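Subject: Structure for you to look at

Dear colleague,

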Amino acid sequence: MAQSLAPFKDAPERAGADSGDRFALDRALLHDLAGLALEAAKRAGASYADIRFGETLREYAQAKDDRLEHFDERRARGFGLRVLLDGSWGFYGARRLDSASLREGVDRALENARAVRPIQGRPIALEQLPAHEAEWVMPMGVDPFAVSTRDKADLLLSICAAARDNGADFCSASLSVAREERFFANSLGARIRQTRTRIHPGFTATAVDRALGRMASRDSLTPARGAGWEYVTGAGLLQEAALAGEQARAKLSAKPVVSGDYDLVIDPTNLWLTIHETVGHSTELDRVLGWEANFAGTSFIKPAMLDNLQFGSALMTIVADRSQPGALSTIGFDDDGAPASSAEFKIVDKGVFRNFQMALGQAHYIGLPESNGCAYADSPTAFPIQRMPNISLAPNPEKCTLEDLFSGVENGIYVVGAGSWSIDQQRDNFQFGGQLFYEIKNGRLGELLRDGAYQGRTLPFWRSLDGLGDASTYHLDGTFTCGKAEPVQVAPVSHGSPPARFRKVRVLNTTGDV
Amino acid sequence: MFLSEDDAKSLSERVLSRSSADACVVKIDGGEEHSLRFARGAATTNLATSETRIRISSHIGGRVGSVTTTLLDDDALQAARLRSEEIARLLPVDPDYVAPLGPQHYDPSARYDDNAAALRLDALAAQAARVIAEGARVDVDTFGCASSARQFEAMATSNGLFAYERSSEIDLSATARNKSDRWSGWAGAHEFFGQRLDAEAIARRACEKAAHDMEPVDLEPGNYTVILEPAAVAELAFWVMSAMDARAADEGRSFYARPGGGTMIGEKLFDEKLTIRLDPADPLAPEASVGWEGVPHRARHFIDKGVVNALYRSRSWAQKTGAEPVPFGRNFIVEGSDASLDDMIRSVKRGVLVTRIWYENMVERKSLLLTGLTRDGNFLIENGRVTAPVRNMRFNQRLGELFGNIVALGKTERTWRAAGGGGAAAAPPMLAESFCFSSKSSGI
């Protein structure tokens, strides 16, 4: 099995002290401010405290047809202090980085812990935590923020032109870039400085038939990645935009999907989102405990199902990690200060559910000694909560190509690219669209279809998995914007997978009887 | 950090006075927020935050570069301004460029209350305690979130515009589950004024809905008579409203596009019982005074007795098409009638009462085909009475058909909404036929 996990095995780069030029914030200042705040919290009686400082630099550009509509750069700095006082959390965050604000932050965090004490019920209990001192810098080629504004604008306009020259009536193209720099310190002595960059070039090509009142669009299949500008230049975006223009036009007159049960071969450009919604969220322990019951939802999984639930077929192995190169959750330490190695585990092993995802203070609810490195706060001013590491479907250890998967299908559909998505709050009933649907007839890929979506229930769907591509077919996809919690926090996360075959899945025609 | 009007004006003038661009727009926003969550009757996470952001947009030769920063010292502001000017100089000329607005007249919008603005976590914990106590009284577990905020937004342009408005918010939502964890109820409210939020009523409604020991029933997929409670109606109406973009309609990419070209403004696309409007002056769910581009929000019926009356239109698209700019709305009111929810239930022979819906997503934009699921309080209605809890169902529903065949609307009330990042919404309960539940879920 180790060989089949080849895409996961590269460890993140551990940079030394000489990596300081990748950091914008002053190291000595951060250490001083952290010491000030954590000491003050301890003196006031906090049994534990941690603090996150950070800067996030973002760039967002958007073009529509022949017009660059927006080019925005955003820089946000701040801190968030979390204290545990008499069994209650108290948190305060502010968009400032000075000692006066830190002192106010300590008072306010302690005030908040005292304020919630009347409704604390069960005191918050923490496990033993390691205290790491480390720096981690994401490996990257060309810093996207060093690339000229004009080059980025020209790229987006060229993408729009390529799509429109090849069949699209309209095209919108966008570029999102973010660089996170974080400094984490806690009252146990941890001091961790990290930085990473993520980038997502995207577009939507749209074709319209005004006479028929019909429209069709084709979104880019180029995923968001933890990467530099070299990822954008190597992604073949102009070629993809030209193809997307053709495909959007072709979708207008494609054969409609006929509703019914089909064998599906799902491309990794679509399957990542299904993995995210059905496996990623359902195995979050905070949801299982009810901590998200009021908004993001709970899970069909109960603690007693650990090591007992047959989640899927024996081909299904779902692996968590924080080390895949280019993945959006790859990082040296999570936002509780747990090392990336904590987050290397199997969620499902050969079909059997084996591990929840956990953040600090959750493991004892299911009788485990410690969390597994799954905390993230979407800004320094946000309370860290359980969020997904990279969660991926391991490829088949046996040789299996995409064509091999088709060959086992008499009457089926091949689904490419993510479309509309929805799942119930307990992560059971789902419905996913796609960008491209092709018929599979007698083992061969057939015509383009339009207006499809597939619908299912999580366990029957994964138990129907009976074909899986090998490592050569593996693809890493993901999103910048997984939402959870109140107030809503947005997390980046990647999901890799090979193409996979599922039997007898219900497919809808979205312009017909639904 | 919450800035007063004077402080925001002073800060914006400081930036504008140093601009070397042809024109400059400064937007400043921020404030303070408090929030706490609880689960199974006990506190989990909480926070208090303070934030101020300034966005500087420099206009040079028909190009616009924007930089936003949370750093407000002189050096940082200068760096942000210079960078925005650098970006503008590097961009291609915008063929649809529009210059910044000059002075505007804004209708007042009452959305600020000193009492709500002053609420901190101790007050929110007291509200949560009411929910937890009610849960203990009726023997259900309680989960929820209470939050409060005071926020401001300011906009200034080198052409003489200065606009400032502030708002306070208080929000309480509660989920209750029976002790076997096999049934769930929910209630929630969002208000700008603290005294208008009734925590006791929210606690009672959520716990009443959850206090059922009966095993939930599964219904077969199909078309059902439904009564959608106000939170569900507001959520669905949001999707009707969010699709009302004039450019998408003009380009044939929308439900509101006229076959062959043009928009459906003036056409009756919905039942005559449907009216959806925005109004900064309506205290029930007041829209902000100032739209995103500085265009004033006016009292406006977007859908009037089923007829499409207006579409949103950005300034650049308005300039290009020679039409009036209409700012995108975040807060809206769905008009109702005097019918009570109980009367509606009594009128239904067999149907489903839906408390709220979840994870909606547009499946097909041209027909407004929306999918999503029910949650936290689905009930079977038989012969005019609620008879059993019903497990969740997925719907695939064309909103034109749903809002085109309204049987009855109840009394409009302020409600809670998640879609579109929340906001103020007022909606009535709605009785409709042939709501398409396309599959079952094991969830509650």
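Below is what was found, taken up one region at a time. Please keep in mind throughout that this is a predicted model.

I begin with a hairpin in chain A. Strand β21(A), residues 475-484, pairs with strand β22(A), residues 489-497, in the antiparallel sense, and eight bridges hold the pairing.

Four residues lie between β21(A) and β22(A), and Ala485(A), in the turn, has a positive phi of about 80°. Pro487(A) is found in the loop between the two strands, and the peptide bond that joins Glu486(A) to Pro487(A) is cis, with omega at about -5°. As background, most residues other than glycine have a negative phi, and most peptide bonds are trans.

Two further residues have a positive phi. Asp307(A), in the loop between α7 (285-288) and β10 (318-321) of chain A, has a phi near 70°, although this residue is not a glycine. With a relative accessibility of 42%, Asp307(A) counts as partly exposed. In chain B, Arg40(B) lies in the loop between β1 (23-39) and β2 (42-60), and its phi is positive as well, at about 50°, again in a residue that is not a glycine. Arg40(B) counts as partly exposed, at 30% relative accessibility.

Chain B also holds a pair of packed helices. Helix α1(B), residues 5-18, and helix α2(B), residues 74-90, pack at an angle of about 50°, with their axes 11 Å apart. That angle makes α1(B) oblique to α2(B), and the crossing of the two is right-handed. On the α1(B) side the contact is made by Leu11(B), Arg14(B), Val15(B) and Arg18(B), which meet Asp74(B), Leu77(B) and Arg81(B) in α2(B). The residues of this contact divide into three nonpolar, no polar and four charged.

Elsewhere in chain B, six strands form an open sheet with mixed pairing, in the order β10-β9-β8-β11-β18-β17. Strands β10 (307-308) and β17 (413-415) of chain B stand at the edges, each with a single partner strand, so one side of each is left without a neighbour in the sheet.

Helix α6(B), residues 230-242, lies across β8, β9, β11, β17 and β18 of chain B, and runs at about 115° to β11(B). In the loop between α6 and α7 (246-250) of chain B you will find Ala243(B), which touches Ser254(B), Tyr256(B) and Leu368(B), leaving aside residues up to four places away in sequence. From Arg177(B), by contrast, Ala243(B) is 66 residues apart in sequence and 35 Å apart in space, C-alpha to C-alpha.

Notes: Residues are numbered from 1 along each chain as its sequence is written. Chains are lettered from A and ligands numbered from 1 in the order in which they are written. This is a predicted model: local features need pLDDT of at least 70, side-chain atom pairs count only at pLDDT 80 or more; totals for chains, interfaces and linings use all residues. Side-chain values use heavy atoms; hydrogens and water are left out. Two strands pair if DSSP finds at least two bridges between them. Axes are lines fitted to C-alpha atoms, for helices over the stretch in contact, and angles run from 0 to 180 degrees between N-to-C directions. Angles under 35 degrees count as roughly parallel, over 145 as roughly antiparallel, 65 to 115 as roughly perpendicular and the rest as oblique. A crossing is left-handed if the near helix is turned anticlockwise from the far one by less than a right angle, and right-handed if clockwise. Contact means heavy atoms within 4.5 Å. Ala, Val, Leu, Ile, Met, Phe, Trp, Tyr, Cys and Pro count as nonpolar, Asp, Glu, Lys and Arg as charged, and the others, Gly among them, as polar. Buried means under 20% relative accessible area, exposed over 50%, partly exposed in between (1.4 Å probe, protein chains only).
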